[in-house]
Amino acid sequence: MLKFVKGHMENIEGIAIYPMISLLIFFIFFIILFWWVFTAKKEHIEEVSSIPLETDKDIKL
């Protein structure tokens, strides 16, 4: 099956750019995520981390 797909992919002009674009998107996403984690306020992180532990009585509307 892979040989069948690979054979058709080799005939497409300019297809080599797609893996590079995918890698670039992946890399940029994780760089932004890494930056957000280190710049997020501690209060926000603590608030979000306690959400799964809240009960219906604890939720303030």
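Why does Ser50 count as partly exposed?

Mentor: Ser50 counts as partly exposed because its relative accessibility is 29%, and that class lies between buried (under 20% relative accessible area) and exposed (over 50%), with a 1.4 Å probe and protein chains only. The model is a predicted one, in which local features need pLDDT of at least 70, side-chain atom pairs count only at pLDDT 80 or more, and totals for chains, interfaces and linings use all residues. Residues are numbered from 1 along each chain as its sequence is written, and side-chain values use heavy atoms, with hydrogens and water left out.

Ser50 belongs to the segment that comes after helix 3 (42–49). A polar atom of the Ser50 side chain lies 3.0 Å from the backbone oxygen of Glu47; a polar contact is a pair of N or O atoms within 3.5 Å, one able to donate a hydrogen and the other to accept it, and residues adjacent in sequence count only if both atoms are side-chain atoms.

Of its 61 residues, 0% count as buried. The protein exposes about 6,500 Å², and carbon and sulfur atoms supply 72% of that area, computed by the Shrake-Rupley method with a 1.4 Å probe.

Confidence should be read alongside this picture. The mean pLDDT (the predictor's confidence in each residue, from 0 to 100) is 83 for the protein, and 85% of the residues score at least 70. Helix 1 (residues 2–10) has the lowest confidence, with a mean of 73, whereas helix 2 (residues 17–39) has the highest, at 94. Where pLDDT is low, the predicted coordinates should not be read in detail.

The whole structure contains 3 aromatic pairs, meaning rings with centres within 6.5 Å (planes under 30 degrees apart are stacked, over 60 edge-to-face, the rest tilted). The Phe34 and Phe38 rings have centres 4.7 Å apart and planes at 65 degrees, so they form an edge-to-face pair. Phe34 and Phe38 sit 4 residues apart in helix 2, about one turn of the helix. In contrast to the partly exposed Ser50, both Phe34 and Phe38 are exposed. One aromatic cluster is made up of Phe26, Phe29 and Phe30, and Phe26 is likewise located in helix 2.

Methods
Helices (H or I, at least four residues) and strands (E, at least two) are DSSP runs, numbered from the N terminus. Rings of Phe, Tyr and Trp (its six-membered ring) pair if their centres lie within 6.5 Å; planes under 30 degrees apart count as stacked, over 60 as edge-to-face and the rest as tilted.
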